[in-house]
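Dear colleague,

I am handing over the structure we spoke about, which you will find just below. Please have it open while you read the notes that follow.

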Amino acid sequence: MASADARTAAKPAGIGSSAGYVEVSNLYVTFHTARGATEAVRDLSVTIEPGQFVSVLGPSGCGKSTLLRIAAGLLRPSGGEMRIGGEAVKGPRPDVGVVFQQPTLLPWKNVLANVLLPAKSLGLNMAAARTRAMDLLKMAGLDKFAESYPNELSGGMQQRAGIVRGLIQDPTVLLMDEPFSALDAMTRERMMDELQAIWMKAGKTVLFITHSIPEAVYLSDRVLVLSPRPAQLVEDLTIDIPRPRSLETMSEPGFTAYTKHLREIFAKLDH
Amino acid sequence: MTSKLKDLMYPLATAAAVILVWQLSIQFFHIPSYVLPTPLSVLRALETGYIGGVFWQHLAYTMTSTIIGYVVGCGLAILVGALVSESEVAEKLVHPLIIALQSMPKVALAPLILVWFGFEMKSKVIMVALVCFFPVFVNTIVGLKQTNPAMVDMAKAISASRWMIFWEIKLPSAAGHIFAGLQIAIVLSLIGAVVAEFVSSSRGLGYLINSAAVTLEVNVMFAALVSLAVLGIVGTQLVRYAHRKLIFWEGNLSSTVKE
């Protein structure tokens, strides 16, 4: 696949030596339940470069979310390790932002207060965080809703607020766990477009968990495909489509070649 | 405006019907006034009682023990409920005690409490606090346990402290349940106060009912009952109002309030 420069051009300049690097080395995860042990991840190794948008694609229940929980510091691997910015992940960290499957906004706080929650818990300068929050909300088209409560927003707006919350502490890495899976198809496509715009401006390393092939191809520099449990890396595909990509991109032959290729891999995984 | 007026019409119509049936049955069945007083004589008892009479001091006495006991009992219930739900050890220790006490009618403890804490205000307050404690305590624990685990995960991912998770996420999540408990407790608190006064007291609406029973002043008994009903209604409405104002994010409140 040609034109790799399109991808590198999208990378932001000036990122430090190891900041934004995500390294997974020989990762094993085994869950112990009353019915015995389940191996969720087996010997997974992958390196993600700073500023890359990487999707992790796999059948449901394959351990994609497990990978994200480890990166977020919410779960310890049984073996191997995950390093972010050259440092082993031992717990939640300020340089890692997380966007969850559900927006998980607190209904008793307005949008601004919700977005500022990480700044509060991390003990950041609140005045500076407030300014940043307003900038980010403006970028996400939510600046007029800063004083609104979550139940006054649509699902798509709530999820955008969730993304802004994930970006508030200016993390080098943003983890996203199927953030659009609860949205309807139309909103979903618009959100993909908006996420691309936000990513191109913010320039973060993004680890994006999804089970949607077009979503992964549309958004990513790289798509990692995991096998069903125990999760192993079965494909590491670089997506060479120039940015910004638009919804028309999705019907171009270059795009459909990628989705076809990934579908074929999925079909093989079923057997 | 008109719908508000209509909402008020129905309970008023019911009240009018009850009073009418009451008055008519006295006339038709010749019920003597020492068994069932006429609505008018109850009204007169209320009038003489509250205008220059002794009712105010009885009302004040019952209200004082009820309010103090309610605040103390509910406050302790929320505090202990929070501790128990946050600590697994505390929960295991307290659980059997709760089961044992929950199924016991608390009013049966009234004579014992009067023996232990004297016959004045203190024992009434303790009685009220005791009956208020359980519904609020149980609802606090249930509410805190029902916090959306995704929200707790989110908080952990942003390095929120345990205190912050409790204060900013779990407690607001539980607030609806806690208010349902507070609603039940307001009714129970009056029961507790009146029962304590029945057992032994020289003041209060419970005492008033008891002493009027001795002299067969049935209209005074009814007047005291009406006073208690008004207290109960006002208390319930106040808690309901606070619920609506404080827990503004929960849309339909009537469905969450258990009575």
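Which domains does the domain assignment give for chain A? Domain 1 takes in 1-8 + 18-95 + 173-271, while domain 2 covers 105-170, with bounds that come from an automatic or database domain assignment. Please keep in mind that this is a predicted model, in which local features need pLDDT of at least 70 and side-chain atom pairs count only at pLDDT 80 or more, whereas totals for chains, interfaces and linings use all residues. Residues are numbered from 1 along each chain as its sequence is written, and chains are lettered from A and ligands numbered from 1 in the order in which they are written.

The C-alpha centres of the two domains of chain A lie 25 Å apart. In chain A, 14 residues of domain 1 are in contact with 12 residues of domain 2, contact meaning that the C-beta atoms of two residues, placed from the backbone, lie within 7 Å.

Between the chains, 13 residues of chain B are in contact with 17 residues of chain A.

Within chain B, the axes of helix α3 (residues 55-86) and helix α9 (residues 205-214) come within 7 Å and cross at roughly 130°; helices are DSSP runs (H or I, at least four residues), numbered from the N terminus, and axes are lines fitted to C-alpha atoms over the stretch in contact, with angles running from 0 to 180 degrees between N-to-C directions. His58(B), Leu59(B) and Thr62(B) in α3(B) meet Leu205(B), Gly206(B), Tyr207(B) and Leu208(B) in α9(B).

Best wishes

Methods: Helix = DSSP H or I, 4+ residues; strand = E, 2+ residues; numbered from the N terminus.
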